[in-house]
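Subject: Structure handover

Hello,

I am passing on the structure we discussed. Please open it alongside this message; my notes follow below.

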Amino acid sequence: NAFNNDLLYPKLQTLLESDYFRLYKVNLNKPCPFWTDHSHCGVRDCAVKPCSPYSAEANEQLDECEKAEHLGAVDVSLSEETREAVLDWSKHDDEAERFCVVDDEESPDAQYVDLLLNPERYTGYKGPEAWQIWNKQPCNIARTFYSWLEGQCVEKRAFYRLVSGLHASISVHLSARYLLGDNWFERKWGPNASEFQQRFDSELTKGEGPKRLRNLYFLYLIELRALAKALPFFQQASFQLYTGQLEQDQKHKEQLLDILQLARSFPLHFDETALFAGDREEAAKLKEDIRLSFLNISKIMDCVGCFKCRLWGKLQTQGLGTALKVLFSERQIEALPKSRTGWPTFQLSRQEIVALLNAFGRVSTSIKELQNFRSLLSEQQ
């Protein structure tokens, strides 16, 4: 807690406000591949009532469903100057050699979104389809989860804990930026201690809440370890956080390296060498099973009805996937300084870099918010 809240969190938040990290390319129009999306909103009073895109009368007060849809809408406005800049960034990135192509990046429906204009917070989306994302996953994924829990092998338990930690982190965000008031004069977001307790209190969750929080810390350690492992990649002289503003780009690279050096200095790192350490053939199959299962979880994010929630869900799952890619590529990363010619041994796209840092920023924020909730709840006792 002290390492994150006092040392790392302030520096990371400053970096994530820069142009390079605030713009994320995403396709929010992909259909759900697992079940029919009925686009129900999740406000308590109309959990199964379809939301109308617009009010029939121009001056008619928005009903609860319309409010929820409006709050969950994504602001995709970018200035003309920014639009021209990202075209230049894309040209710069296309000239770099890349191994991994993310479908959202290449989709004609994808567009850049300013993350600072679309903060992750509670929007009113909590109907049955919201719970379906986590509780009613497609049969193949559900069966895989249950078989993993029965098998109890360390790799599968680790994967399950990562998904649980991601769910817990998102729940912390929604509890910390809860819609406390909405009228014609203002909307007010802030911490909702009651909502936090509903999700994490031991008695109210039949003992599951503390487990979820432990998994949140586990997720933090995994992503922190990935940042530390990725340091040699970002230290390359050829690597730039390219936005075309040379002085700013160099300043932001120095800030990033400072954060990664700080991550590497953490004394209690997760030891990933215990994973996939058995029979080589069996370990390779297990790693591929986990990769495919994680790919399915990434696809589930296209089933989220609230578009702002979908945006942050897709970003955070891609960020975690990138962290796992880093951890599984240690040898390739270590070989980077030696690969002066030919294909690079390891590569990250701009999309993966933005997702990796912002996803960790979200988990870092969750750890910070836990401190706030501890103080808030202690004051109420």
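A nonpolar core, as used here, is a set of buried Ala, Val, Leu, Ile, Met, Phe, Trp, Tyr and Cys residues joined through side-chain atoms within 4.5 Å. Please keep in mind that this is a predicted model.

The core

The largest nonpolar core has 78 residues, and Phe21 and Phe234 touch the most other members. Helix 16 supplies the largest share of this core, with twelve residues. Beyond its neighbours within four places in sequence, Phe21 is in contact with Leu15, Leu16, Leu115, Leu241, Ile353, Val354, Leu357 and Asn358.

Helix 16

Helix 16 runs over residues 350–380. Of its 31 residues, 22 are buried, so the helix is largely enclosed by the rest of the structure. Its length also agrees with expectation: at 1.5 Å a residue it should span 45 Å, and its end C-alpha atoms are 45 Å apart.

The disulfide

A search of the whole structure finds one disulfide. Cys32 and Cys303 are the two partners, with an S to S distance of 2.0 Å. The pair links distant parts of the chain, 271 residues apart: Cys32 is in the loop between strand 1 (23–26) and helix 3 (64–71), while Cys303 is in the loop between helix 13 and helix 14. The link is right-handed, with 75° about the S-S bond. Both Cys32 and Cys303 are buried.

Annotated sites

The UniProt annotation "active site", from an unreviewed entry, covers Cys306 and Cys309. Where do these two residues lie, and is each one buried or partly exposed? Cys306 is in the loop between helix 13 (280–300) and helix 14 (307–327), whereas Cys309 is in helix 14. Cys306 has a relative accessible area of 6%, and because buried means under 20%, Cys306 is buried. Cys309 has 22% relative accessibility, so Cys309 counts as partly exposed.

UniProt also places the feature "binding site", again from an unreviewed entry, at Arg121, Thr123, Trp134, Ser164, His167 and Arg199. One of these, His167, is found in helix 8 (residues 154–176). At 23% relative accessibility, His167 counts as partly exposed.

Regards

Key
Residues are numbered from 1 along each chain as its sequence is written. This is a predicted model: local features need pLDDT of at least 70, side-chain atom pairs count only at pLDDT 80 or more; totals for chains, interfaces and linings use all residues. Side-chain values use heavy atoms; hydrogens and water are left out. UniProt positions are given in the numbering used here, feature names are shortened, and annotations may be inferred rather than shown by experiment. Helices (H or I, at least four residues) and strands (E, at least two) are DSSP runs, numbered from the N terminus. Buried means under 20% relative accessible area, exposed over 50%, partly exposed in between (1.4 Å probe, protein chains only). The expected span of a helix is 1.5 Å times one less than its number of residues. Contact means heavy atoms within 4.5 Å. A disulfide is a pair of cysteine sulfur atoms within 2.5 Å.
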